[in-house]
Amino acid sequence: MVDNALSPHGGELIERVLTGEAARQRIQSLPSIPVREPLARECMNIALGFFSPLQGFLNQADLHSVVENMRLASGYIWSVPVVFDISPQQVAELGLRVGDSALLTFQGNPLAVLEVEDIYSYDKEAMARHVYGTTDDAHPGVARTYAYQERFIGGPVTLVNYPTLHQPFADFWYTPTTMRQAVAERGWKRVVAHQTRNVPHAGHEWSMKGAWFASDSDGVLVNAVVGEKKLGDYIDEAILMGQDTVRQAGYFRQNVHMTSMLLWDMRYAGPKEAVFHALVRKNLGCTHHMFGRDHAGVGRYYDTYAAHHIFSELPPLGIEPVLSLEWWYCPVCKGSAYEGLCGHADQKEELSGTLMRRILEGGEEPDPAKFRPEVLTVVRQCASDYGFGSPFVTEQYLANRNPVMSLDPL
Ligand SMILES: [Zn+2]
């Protein structure tokens, strides 16, 4: 069950894609099911290999094994359920039975074919308790679980219509196959992944630099999560373009840093999501993965360093966790400082979201040792180009933002 670094999880990169006439043939006379955007994203992740070795949405045996043992039925580690939910009424109306196939549509156009291997129900409370460690529906992952409809369909997914990614997203879009090519072109043998949903401040920049040293890596791969947004989050465009500016402005050499994206809706599953992030980045060709404070956590459901501890309980995953403590701004050291090194913890200044907000909303000119001026310029430009004047998600952005992707008729 232990495979080598750079080999995908499960040993084989999954690619389930049909194009052209083969795709048109495959969807002939299939019943169609419109899917919401999160499911569309998951179909792409499955079919393009981000979720290797998953070939489709989990069947009952796999889901049960993931929930109870953090493993697929095959034995491979898998920590976050990837399920296709549907109402019993819809199953009945479509007359869906095991062995059938259905066409999944998005934005009114064909997206993927789902082969019905299994139609089942599952105890959502047990799922929440095991995956999230709580049944409190104030936890966003638990709320998402409770909101699932009452049946799950398990079975393989094949993409039949490849979405068009729009700018600026297209510049940062790599599948496991194209990312592995990009990694090879750069001559990177060791690649450390950085999971983010942030515009980078100097603390983020230094955490990446620290991980590059700690892992003796050739490259840092920023993999920003692009998915459902809440009010007050940074807008996706500012995250991606802000991250890439750190390289463009020379804070990293041009060939040691790269920004990319992952279509994923955060589950905030803390340590379990940390494992999931590691597996996806392994599939993208990374050998190492950064985990700092409170990785993928929310509220007070998980210990600050729960994501550090979980890896010691697992067999080697073929991607090494690079664990770090806090980076802060130290007025004595006069720059970003690391909790494990700086002797002025009593004078630390947290590089907090609140500080960033004051800077971005214009009330405070940034100290370049806290926030790079080039990043600020790009983020302000993104606010104007994409955010209706704000670098943060507003109602207006949610209602009118440029779509990340769209589908043409097949
Ligand atoms: Zn210091």
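**Exercise 1. How many Å separate the centres of domain 1 and domain 2, taken over C-alpha atoms?**

Solution. The structure is a predicted model.
- Step 1: find the bounds. Domain 1 covers 20–163, and domain 2 covers 169–402.
- Step 2: take the centres over C-alpha atoms. The separation between the centres of domain 1 and domain 2 is 28 Å.

**Exercise 2. Describe the side of domain 1 that touches domain 2.**

Solution. 
- Step 1: count the residues in contact. Domain 1 brings 19 residues and domain 2 brings 23.
- Step 2: look for helices on the domain 1 side. At least two residues each come from helix H2 (37–47), helix H5 (124–132) and helix H6 (140–146). H2 contributes the most, with four residues.
- Step 3: sort the domain 1 side by class. Nine of its residues are nonpolar, eight are polar and two are charged.

**Exercise 3. Give the strand order of the open sheet formed by five strands, and name its edge strands.**

Solution. 
- Step 1: read across the sheet. The order is E11-E10-E9-E12-E13, with parallel pairing.
- Step 2: look for strands that pair on one side only. These are E11 (257–263) and E13 (320–323), the edge strands.
- Step 3: follow the twist. From one strand to the next it averages 30°.
- Step 4: examine one pair. Strand E10 (residues 219–226) is joined to E11 by seven bridges in the parallel sense. Within this pairing, Asn223 has Ser260 of E11 as its bridge partner.

**Exercise 4. Is H9 roughly parallel or roughly antiparallel to H13?**

Solution. 
- Step 1: take the angle and the distance. Helix H9 (residues 236–248) packs against helix H13 (residues 373–386) at about 155°, and the axes are 9 Å apart.
- Step 2: apply the cut-off. Angles over 145 degrees count as roughly antiparallel, so H9 is roughly antiparallel to H13.
- Step 3: The crossing of H9 and H13 is right-handed.
- Step 4: list the residues that meet.
- Step 5: sort the contact by class. It has nine nonpolar, two polar and two charged residues.

**Exercise 5. Is the phi of Gln107 positive or negative?**

Solution. 
- Step 1: read the angle. Phi of Gln107 is near 55°, which is positive, and the residue is not glycine.
- Step 2: Gln107 belongs to the loop between strand E4 (101–106) and strand E5 (109–115).

Methods:
Residues numbered from 1 in each chain as written. Predicted model: local features only at pLDDT ≥ 70, side-chain atom pairs only at ≥ 80, totals over all residues. Pairing = 2+ DSSP bridges. Axes fitted to C-alpha atoms, helices over the stretch in contact; angles between N-to-C directions. Domains from an automatic or database assignment. Contact = placed C-beta atoms within 7 Å. Nonpolar A, V, L, I, M, F, W, Y, C, P; charged D, E, K, R; others polar. Parallel < 35°, antiparallel > 145°, perpendicular 65-115°, else oblique. Left-handed = near helix turned anticlockwise from the far one by under 90°.
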